[in-house]
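Walk through this structure with the coordinates open.

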Amino acid sequence: ANLLYEDGRPIDGKGVGRKIIDKVQSTYVTELAGKNFAYDGEKSLFTVGPLPQNKLEFTVVVEDVPSSRNNGNVSPDNGGFDNDSDRKRMRRPYHSKTYKVEISFAAKIPMQAIADAIRGHESENSQEALRVLDIILRQHAAKQGCLLVRQSFFHNDPKNFTDVGGGVLGCRGFHSSFRGTQGGLSLNIDVSTTMIIQPGPVVDFLISNQNARDPSTIDWAKAKRTLKNLRIKTTTSNQEFKITGLSELPCKEQL
């Protein structure tokens, strides 16, 4: 699957892919012959049986809502972990973006490979079959609103959060993967931990992160390094942006 902006540029943001593919699936049911997708969130997409054509192109309009993919470099959002003020702002109208989606046939994975894996028999397609099962597992977690970090998923449950200081929360979840064993197919589940940014205003995060008394005592050189590549959500438009740097001049002197 190849996802592009309306002007043909490849999509650089991670996390929006699932929303785009879900929109394609719901909009073009007939053209896709009613097929369900198992999508890895990036380039790979699987279906049970072939699509009507080996190459399909679609155009969809998606509301520009924040992504649900988070890790230690992004702040929680409505698709992952949010707070009351976030939910109130969700009532505001969204901006929309147009995307192009190209779906091309790449390879066929025999269903027999999955059956062999269940029986504990190795085949040349066993690893790819297990990868498909892992993708289905991740997709199920994504549809439940879980935060996904590689093969780990984290439920939005306050009991799973631990304040580790500096404006950062530790989040407990699970790592899952399918494995072939002599006794057949096994699902391995283990405890996993990730770090997320405490939801709230950016200035409040910086005060907590630097243990500052108030905004006037913030070290902005350090803040610039801390904030780079973090994703924020504006309160006025409810849009999400990535911080690439801080300007030398204050906002009132930018115009």
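Ala33 sits in the loop that connects helix 1 to strand 2 (38-39). Helices (H or I, at least four residues) and strands (E, at least two) are DSSP runs, numbered from the N terminus. This is a predicted model, in which local features need pLDDT of at least 70, side-chain atom pairs count only at pLDDT 80 or more, and totals for chains, interfaces and linings use all residues. Residues are numbered from 1 along each chain as its sequence is written, and side-chain values use heavy atoms, with hydrogens and water left out.

Ala33 has a positive phi, near 55°, and is not a glycine. Most residues other than glycine have a negative phi. Ala33 is partly exposed, at 47% relative accessible area. Buried means under 20% relative accessible area, exposed over 50%, and partly exposed in between (1.4 Å probe, protein chains only).

The largest nonpolar core has 21 residues, and Leu3, Ile20, Leu32 and Tyr99 touch the most other members. Such a core is a set of buried Ala, Val, Leu, Ile, Met, Phe, Trp, Tyr and Cys residues joined through side-chain atoms within 4.5 Å. Strand 1 (2-5), helix 1 (16-27), strand 4 (55-63) and strand 5 (96-104) each give two or more residues to this core. Take Ile20. Beyond residues up to four places away in sequence, Ile20 touches Leu3, Ile11, Val60, Val62, Tyr99 and Val101. Contact here means heavy atoms within 4.5 Å.

Now find helix 4 (residues 126-143), which holds Asp134. Is Asp134 buried or exposed? Asp134 is buried, with a relative accessible area of 10%. Its side chain reaches the backbone nitrogen of Phe178 at 2.9 Å. Neighbours within four places in sequence aside, Asp134 is in contact with Gln151, Ser177 and Phe178.

Strand 9 (residues 168-181) runs antiparallel to strand 8 (residues 161-165), and four bridges join them. Two strands pair if DSSP finds at least two bridges between them. Thr162 has Gly170 of strand 9 as its bridge partner. The hairpin of these strands has two residues between them, and Gly166 there takes a positive phi near 70°.

The last stop is Asn211. This residue lies in the loop between helix 5 (202-210) and helix 6 (220-227). Asn211 is not a glycine, yet its phi is positive, about 55°. At 69% relative accessibility, Asn211 counts as exposed.

Note on methods: A polar contact is a pair of N or O atoms within 3.5 Å; within protein, one must be able to donate a hydrogen and the other to accept it, and residues adjacent in sequence count only if both atoms are side-chain atoms.
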